[in-house]
Amino acid sequence: MASKKITIYLVAGARPNFMKIAPLMKAMRANKRIKPVLIHTGQHYDRNMSKTFFDELEIPKPDYNLGIGSGTHAQQTANVMLKFEKLVMRKRPDYVLVVGDVNSTVACSLVASKLLIPVIHVEAGLRSFNREMPEELNRIVTDGLSDLLFVTEKSGRDNLIKEGTARDKIHFVGNVMIDTLLNNLTKARDSKILETLQLQPREYGVVTIHRPSNVDDDKNLKKYVELLLRMQKKLPLVFPVHPRTNQRIQKSGLAKKVKSAQNLILVEPLGYLDFLKLMSASRLVLTDSGGIQEETTILKVPCLTMREDTERPVTITEGTNILVGTNPNNIYKNFNKVLRSKKAGKRPRFWDGHAAERIVKTILIDAKKRS
Ligand code: UD1
């Protein structure tokens, strides 16, 4: 008699989730013992923040879209919970798999664990030790509720063990976001983004800023804008503007100033392949993102992270990332230093394109134990 398939609900809500879900969906669809079901919470909904990624990364159309949209943290989290609970109570999947650290991640893990459905967290254990970051709170809660915790780097395992997580729940499998990067490098080479923006390889930098702590406060935002105006005199900078940052720039009255800078090239948020090409051919990347620290490490492009802390320390100890803080003079000093000499880096362990396969293997073993 054929045994029943293992039904896994995979949750994706916001842009950085989509690159993590893509290789997992692929590996699960290829396994005849698993039935993956894709849930899009709708946290990100603009075409260029969501649909583009599904098309480019060949992620199947979500089985369910909860259509949550934006709101305060409580609204967003609660709305996901209400809709996801209804679905899960009706269907009772064997597992709920969440990725990363966005509001959709914590909302769905809370629903599933209260309904006694095992939670799988991919990208567990990362800690910035900064509780002012909403993502840090999401990580701590999600990890506390999870039954299988997949970590991308050694620090993840160490953090979880220190917090008292049972060792047999933790699995060091590598990085699914890097699976996606390696799977798409060849395709990204065909992107025409450099021609479109009239750029030459290594003759420009890339900037991304969207953290609430950096853009929600007018004073801080002004500080970054002035810094970028200073930097673009030395190196043209391409700045794909996140919706949150765009709203803040418009509201704060800085839009005119930003647009007046000749070498600060503002563009809408880019698709995956264009952004990958843009990063890979750049001289350096300036960012406050989490995932970009990891992608630049694999691309061997210097990354200056404009934050006081990182939850991804391996990108500093082994990769090309430099934590430059939030003081403009310090950022500028490091920017000049990197223009003079590039930091070499090596590939962290298991960031080899096979993390999703390891995850599937481990889930199958776990499912057997539970049956
Ligand atoms: C979220 C994640 C963050 C991740 C980031 C990547 C949380 C707590 N934060 O932050 O970890 O790095 O996504 O982008 O989950 N908006 C649009 N269109 C969209 C989505 C958002 O216009 O498709 C606007 C909305 O007005 C919204 C604002 O952007 O208020 C911020 O979106 P939100 O989902 O609240 O958080 P992000 O800043 O994107």
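## Shell around the ligand

With three residues, H11 gives the most to the shell around the ligand, where helices (H or I, at least four residues) and strands (E, at least two) are DSSP runs numbered from the N terminus. This is a predicted model, in which local features need pLDDT of at least 70 and side-chain atom pairs count only at pLDDT 80 or more, while totals for chains, interfaces and linings use all residues. Residues are numbered from 1 along each chain as its sequence is written, and side-chain values use heavy atoms, with hydrogens and water left out.

The ligand is surrounded by 19 residues, the closest being Gln43, His44, Glu135, Arg244 and Gln247; a residue is counted if one of its heavy atoms lies within 4 Å of the ligand. By class, the shell holds five nonpolar, 10 polar and four charged residues, where Ala, Val, Leu, Ile, Met, Phe, Trp, Tyr, Cys and Pro count as nonpolar, Asp, Glu, Lys and Arg as charged, and the others, Gly among them, as polar.

## Polar contacts and cover

A polar side-chain atom of glutamine 247 lies 2.7 Å from a ligand oxygen, a polar backbone atom of asparagine 103 is 2.9 Å from a ligand oxygen, and for a polar side-chain atom of glutamine 76 the distance to an oxygen of the ligand is 3.4 Å.

Of the 740 Å² of accessible area that the ligand has on its own, the protein covers 88%, with areas taken from the Shrake-Rupley method with a 1.4 Å probe. Helix H3 (73-91), helix H5 (134-145) and H11 are the elements that give two or more residues to the shell.

## The cavity

The structure holds one cavity of 30 Å³ or more, a cavity being a set of points on a 1 Å grid over the protein atoms alone where a 1.4 Å probe fits but cannot get out. The largest cavity has a volume of about 40 Å³, volume being the space filled by probe spheres set on the points, which are joined across faces, edges and corners.

Its lining (residues with an atom within 4 Å of a point) consists of Ile209, Leu221, Tyr224, Val225, Leu228, Phe239, Thr245 and Ile249. Helix H10 (218-231) and helix H11 (243-251) are the elements that give two or more residues to this lining, and H10 gives the most, with four. Seven of the lining residues are nonpolar, one is polar and none is charged.

## Overall form

The chain has 17 helices and 13 strands. Its radius of gyration, 20 Å, is close to the 21 Å that the globule rule gives for 371 residues, so the chain is as compact as a globular protein of that length; the radius is taken over C-alpha atoms, and the rule is 2.2 Å times the number of residues to the power 0.38. Along its principal axes the C-alpha trace spans about 70 × 40 × 40 Å.

Conventions
1 Å grid on protein atoms, 1.4 Å probe; cavity = no way out; pocket = protein on both sides within 12 Å on 5 of 7 lines; lining within 4 Å. Polar contact = N/O pair within 3.5 Å; in protein donor to acceptor, adjacent residues only side chain to side chain.
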